[in-house]
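Q: Could you take a close look at the enclosed spaces inside this model, and at what lines them? I would like the cut-offs along the way, please.

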Amino acid sequence: MLISTGRALAMTATLALIATTGQAQTARPSSSGVLMLGTGNPMPDPDRFGPATAVIADSAAYLVDAGDGVMRRWRAAQAQHLVDGVTLHRIVFLTHLHSDHTQGLPALIWWLWMTDQDQPITIYGPRGTRAMTGHILAAWSEDIAIRIGEGGEFAGKPGPNVKVHEIDPGIVYQDSLVTVTAFAVHHGTWPQAFGYRFNMPDKVIVISGDAAPPSAIPGQCRQCDILVHEGGLPEAKATSYYHAFHSTAEEIARVANATHPRLLVLTHQRPGVNQPGLDIIRANYAGRVVIASDLDVYH
């Protein structure tokens with residue numbers, strides 16, 4: 001069962017709220033949605049952990065990115081009963097290899113390994129993902145040796161079994177609950193960066209990844225249910241770096257008008273609330289848009 005924080009509401013009141021707002025809900029009206037595990041950027045912020053989004057389909061959660069603190073946020077979600085009955089799949093989809101999107105990957109690998117040494121962990125990502133993962137395992141090789149060695153807590157067990165798929169645009173994963181399509185986005189000088197489209201029986205959810213114009217989102221989110229989009233700094237405050245690597249509020253408004261998602265969720269925020277950017281988007285786009293906070297749930 002998937003719920004979010006706040007007071008318990010009667011189902012009729014919840015459904016009325018769903019019809020009129022884009023805010024995180026207090027009861028699950030359908031079997032799929034997103035849990036925002038980390039909504040920050042590289043700037044340290046005690047309220048926003050590193051970028052990580054859990055896409056939830058029925059009783060399974062699929063991670064997109066693994067920013068700083070991703071596993072602590074997942075455990076916080078469990079403690080707050082946000083993901084009751086939901087299992088974290090042993091799969092992560094990386095949008096690109098910037099450190100703020102991958103700093104939680106060692107903790108994710110270790111936690112999944114420690115909870116089940118016999119099952120593989122699978123990572124989908126751009127070129128360079130295999131080398132990065134190999135370096136992570138090498139960096140903790142002494143830790144692994146102690147844990148699986150004589151007297152260790154996993155004595156006689158194998159070390160982490162991490163399978164890496166370096167992907168190109170197209171369908172990269174499919175099971176009975178989801179079909180995941182990777183699409184190329186422009187993120188400054190990165191040779192490969194991706195967004196992901198999750199097709200589920202009841203919803204289409206699109207995760208932008210870090211993306212600057214020219215935007216690939218309009219080709220992926222035509223009236224999709226939820227669009228999780230990075231950025232939103234007003235053009236007046238954006239540096240040349242920001243323009244090359246991210247999307248301004250004005251640019252996101254243009255994307256939203258081209259796609260008309262049922263709900264637009266802004267993530268990858270700097271410390272504090274980006275109210276000026278939100279105001280610009282709302283002034284130029286009539287649909288529902290919110291700035292996500294960590295542990296928000298949207299359906």
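A: Happy to! For the residue classes, Ala, Val, Leu, Ile, Met, Phe, Trp, Tyr, Cys and Pro count as nonpolar, Asp, Glu, Lys and Arg as charged, and the others, Gly among them, as polar. This is a predicted model, in which local features need pLDDT of at least 70 and side-chain atom pairs count only at pLDDT 80 or more, while totals for chains, interfaces and linings use all residues. Residues are numbered from 1 along each chain as its sequence is written, and side-chain values use heavy atoms, with hydrogens and water left out.

A cavity here is a set of points on a 1 Å grid over the protein atoms alone where a 1.4 Å probe fits but cannot get out, and lining residues have an atom within 4 Å of a point. Grid points are joined across faces, edges and corners, and a volume is the space filled by probe spheres set on the points. By this rule there are two cavities of 30 Å³ or more.

The largest cavity holds about 120 Å³ of space. It is lined by 16 residues, and Pro51, Thr53, Asp65, Ile207 and Thr267 are the closest to its centre. The most comes from β11, with three residues. By class, the lining of the largest cavity has five nonpolar, eight polar and three charged residues.

Now for the second largest cavity, with about 40 Å³ of space. Its lining consists of Val185, His186, Ala211, Ala212, Pro214, Ser215, Ala216, Ile217, His229 and Ser247. Six of these lining residues are nonpolar and four polar, with no charged residues. Pro214 sits in the loop between β10 (204–207) and β11.

Two further backbone details may interest you. His260, in the loop between α8 and β12, has a positive phi near 50 degrees although it is not glycine. His260 is partly exposed, at 43% relative accessible area, where buried means under 20%, exposed over 50% and partly exposed in between (1.4 Å probe, protein chains only). Leu295 also has a positive phi, of about 75 degrees, and lies in the loop between β13 and β14 (297–298). Leu295 counts as buried, at 9% relative accessibility.

Definitions and conventions. On a 1 Å grid over the protein atoms alone, a cavity is a set of points where a 1.4 Å probe fits but cannot get out, and a pocket is an open set with protein on both sides within 12 Å along at least five of seven lines; lining residues have an atom within 4 Å of a point. Helices (H or I, at least four residues) and strands (E, at least two) are DSSP runs, numbered from the N terminus.
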